[in-house]
Amino acid sequence: MLDRLNQAMEHIERRLDQRIETAELARIAVTSEYHFRRLFSALAGIPLSEYIRRRRLTVAGAEVISGERTLLEIAVRYGYGSGEAFARAFRAVHGVGPGEARRTGAALVSQPRMSFHLVVEGSSSMQYRLVEKEEFHVVGRRARVPLVHEGMNPAIVAFIRSIGQETLQRMTDLSDQEPRGIVGVSDNLADSRAEGTELDYYHAVVSASPAPEGMDSLAVPAGTWAVFENAGAFPQALQYLWRDVFTQWFPSNPYRSRPGPEILRTRLSPDGAQAEAELWIPVERTEP
């Protein structure tokens with residue numbers, strides 16, 4: 001899998017001055033577009049689109065300094081429709097406009113080329129199980145919230161606190177299958193998974209029945225789920241669990257993520273400092 005990812009990275013480098021299609025990168029990596037975007041952002045720490053933009057502007061910066069082409073020629077070569085659009089993008093990355101950079105020889109920011117390598121530590125193993133589930137419903141309350149990669153998500157905390165005890169009990173009574181009890185469900189995330197992009201968050205239960213009046217519902221089709229468990233400091237253990245699934249488990253196993261919600265069942269210690277987590281990710285088996 002990592003070899004194929006690195007072939008996709010080479011393809012990006014060869015086409016920085018051309019249109020780069022995610023579908024072609026996914027074909028090279030022998031996976032789906034959906035999984036390629038998610039795996040890349042987990043491994044690289046930035047969205048695919050942002051990496052390509054930074055690489056283009058890194059190479060464009062070298063051309064600006066060299067002075068061999070006009071600024072407009074450089075702008076057009078790297079996909080910008082006008083000198084103004086190129087200047088804005090250039091300044092956003094380098095902190096200086098292309099004209100000033102050329103006149104003064106200003107220091108520019110460089111986005112290094114990325115390649116992926118497996119680091120074998122052997123100090124721990126990930127425990128998981130695969131579960132086949134029939135169609136079910138996520139039933140509860142929904143809010144549109146920004147994505148936060150580290151630390152508490154204030155929007156989610158405020159949303160959960162706004163739900164009354166009577167409503168929570170009604171939800172709990174509807175729980176009739178795994179994962180049981182109140183869960184946090186993330187759905188409809190941006191492909192980039194960039195910090196600050198929005199998602200649908202459900203504070204809900206998993207049920208065979210659709211939502212009663214006054215509650216939100218998400219129908220989830222039948223399929224395979226990979227279930228991971230861990231425990232540790234809250235909320236870091238939960239966020240590290242998701243990271244480890246995509247940076248360690250997927251590159252080492254014949255599965256890829258498929259479209260669908262992610263379900264997190266969390267049980268906090270009495271003081272709220274520790275948590276036991278169970279993460280459900282929709283997956284499908286890859287071709288051998």
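This is a predicted model: local features need pLDDT of at least 70, side-chain atom pairs count only at pLDDT 80 or more; totals for chains, interfaces and linings use all residues.

Modeller: Residues are numbered from 1 along each chain as its sequence is written, and side-chain values use heavy atoms, with hydrogens and water left out.

Biologist: How many helices and strands does the protein chain have?

Modeller: Helices (H or I, at least four residues) and strands (E, at least two) are DSSP runs, numbered from the N terminus. The protein chain has ten helices and nine strands. Its C-alpha trace spans about 70 × 45 × 35 Å along the principal axes. Buried means under 20% relative accessible area, exposed over 50%, and partly exposed in between, with a 1.4 Å probe and protein chains only. Of the 288 residues, 44% are buried. Contact means heavy atoms within 4.5 Å. Among contacts between residues at least 6 apart in sequence, 73% join residues at least 24 apart.

Biologist: At what angle do α4 and α6 pack?

Modeller: Two packed helices are described by the angle between their axes and the distance between the axes. Axes are lines fitted to C-alpha atoms, for helices over the stretch in contact, and angles run from 0 to 180 degrees between N-to-C directions. Helix α4 (residues 48–66) packs with α6 at about 100 degrees, the axes being 10 Å apart. The two helices therefore count as roughly perpendicular (65 to 115 degrees; under 35 is roughly parallel, over 145 roughly antiparallel, the rest oblique). On the α4 side the contact includes Leu57, Thr58 and Gly61, and on the α6 side it includes Phe86, Phe90 and His94.

Biologist: Is histidine 94 buried or exposed?

Modeller: Histidine 94, in helix α6 (residues 83–94), is buried, at 7% relative accessible area. Its side chain reaches the backbone oxygen of leucine 57 at 2.9 Å. Setting aside neighbours within four places in sequence, histidine 94 is in contact with Leu57, Thr58, Gly61, Leu108 and Val109.

Biologist: How many aromatic pairs does a search of the whole structure find?

Modeller: A pair of aromatic rings is described by the distance of the centres and the angle of the planes. Rings of Phe, Tyr and Trp (its six-membered ring) pair if their centres lie within 6.5 Å; planes under 30 degrees apart are stacked, over 60 edge-to-face and the rest tilted. The search finds twelve pairs. One of them joins tyrosine 128 and tryptophan 249, edge-to-face at 5.0 Å centre to centre with 70 degrees between the planes. Tyrosine 128 is in strand β1 (residues 128–133) and tryptophan 249 in helix α10 (residues 236–252), so this pair ties together parts 121 residues apart in sequence. Tyrosine 128 is partly exposed at 39%, whereas tryptophan 249 is buried at 3%. Phenylalanine 228 and tryptophan 249 are also edge-to-face, because their ring centres are 5.1 Å apart and their planes at 80 degrees. Phenylalanine 228 belongs to strand β6 (residues 223–233), 21 residues from tryptophan 249. One aromatic cluster is formed by Tyr128, Phe228, Trp242, Phe246, Trp249, Phe250 and Tyr255.

Biologist: Where is valine 185 found?

Modeller: Valine 185 is in strand β3 (residues 183–187) and is buried, with 0% relative accessible area. Its C-alpha atom is 8.0 Å from that of aspartate 200, 15 residues away along the chain.

Conventions:
A polar contact is a pair of N or O atoms within 3.5 Å; within protein, one must be able to donate a hydrogen and the other to accept it, and residues adjacent in sequence count only if both atoms are side-chain atoms.
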